[in-house]
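Subject: Structure handover

Hello,

Here is the structure for you to look through. Please open it first, then read my notes below.

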Amino acid sequence: MRNSLRLAFAILIIVFSASIPAFSQELSVSAIPEGLVRGVNSVIRSHSRTYTIPDDNKMVIRETMCLTIMNEKALSQAHLSINYREGE
């Protein structure tokens with residue numbers, strides 16, 4: 001039993017560590033097609049917005065965006081925004 005736990009833990013570590021480089025390479029600047037980077041200040045890599053309505057009086061909007069800044073002209077877009085407002 002103890003050896004099977006060690007084996008399962010080792011497999012979990014290997015799988016987790018193998019997924020980290022794949023994710024980082026997916027967002028590397030070299031992965032952006034040449035036609036999308038020519039003459040631009042920034043590139044939106046991913047963008048999602050999810051609406052969840054847990055009950056009649058609540059709504060949760062979750063938005064995520066990954067933006068690659070290509071030059072100094074786009075530095076104004078480099079910000080973190082965390083908004084929270086209690087429903088009315």
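Is Arg-49 buried, partly exposed or exposed? Arg-49 is partly exposed, with a relative accessible area of 44%. Here, buried means under 20% relative accessible area, exposed means over 50%, and partly exposed lies in between (1.4 Å probe, protein chains only).

Some ground rules come next. This is a predicted model, where local features need pLDDT of at least 70, side-chain atom pairs count only at pLDDT 80 or more, and totals for chains, interfaces and linings use all residues. Residues are numbered from 1 along each chain as its sequence is written, and side-chain values use heavy atoms, with hydrogens and water left out.

**Confidence**

The score called pLDDT is the predictor's confidence in each residue, from 0 to 100. The protein averages 77, and 68% of the residues score at least 70. Helix α1 (residues 2-26) has the lowest mean pLDDT among the elements, at 59. Strand β1 has the highest, at 89. Where pLDDT is low, the predicted coordinates should not be read in detail.

**Layout**

The protein has two helices and two strands. From the N terminus, the order is α-α-β-β. Helices (H or I, at least four residues) and strands (E, at least two) are DSSP runs, numbered from the N terminus.

Of the 88 residues, 6% count as buried. The exposed surface comes to about 8,200 Å², and carbon and sulfur atoms supply 58% of it. These areas come from the Shrake-Rupley method with a 1.4 Å probe; for residues, only the protein chains shown count as cover.

A contact means heavy atoms within 4.5 Å. Take the contacts between residues at least 6 apart in sequence: 35% of them join residues at least 24 apart.

**The two strands**

How do β1 and β2 pair? They run in the antiparallel sense, over eleven bridges. Two strands count as paired if DSSP finds at least two bridges between them. β1 and β2 form a hairpin, with two residues between them. Ile-44 stands opposite Leu-67 in β2. His-47 has Met-65 in β2 as its bridge partner.

**The salt bridge**

Back to Arg-49. The structure holds one salt bridge. The side chains of Glu-63 and Arg-49 meet in it, at 2.9 Å from N to O. The pair links distant parts of the chain: Glu-63 sits in strand β2 and Arg-49 in strand β1, 14 residues apart. A salt bridge is a side-chain nitrogen of Lys or Arg within 4 Å of a carboxyl oxygen of Asp or Glu. Side chains of opposite charge can pair when their charged atoms come close. Glu-63 is partly exposed, with a relative accessible area of 44%.

**A nonpolar patch**

Which residues form the nonpolar patch on the surface? They are Tyr-51, Ile-53, Met-59 and Ile-61, with about 460 Å² of accessible area together. Patches are made of residues with over 30% relative accessible area and no salt bridge; like charges are joined within 9 Å, and nonpolar side chains (Val, Leu, Ile, Met, Phe, Trp, Tyr) within 5 Å. β1 (42-55) and β2 (58-69) each supply at least two residues of the patch. Met-59 lies in strand β2. Met-59 is exposed, with a relative accessible area of 52%.

**Around Thr-68**

Thr-68 also lies in strand β2. Thr-68 is buried, with a relative accessible area of 11%. Leaving out residues up to four places away in sequence, Thr-68 touches Val-29, Ile-32, Asn-41, Ser-42, Val-43 and Arg-45. Thr-68 and Val-43 are 25 residues apart in sequence, but 5.2 Å apart in space, C-alpha to C-alpha.

Ser-42 is found in strand β1. Ser-42 and Thr-68 are 26 residues apart in sequence and 5.5 Å apart in space, C-alpha to C-alpha. Beyond its neighbours within four places in sequence, the contacts of Ser-42 include Ala-74 and Gln-77.

Best wishes
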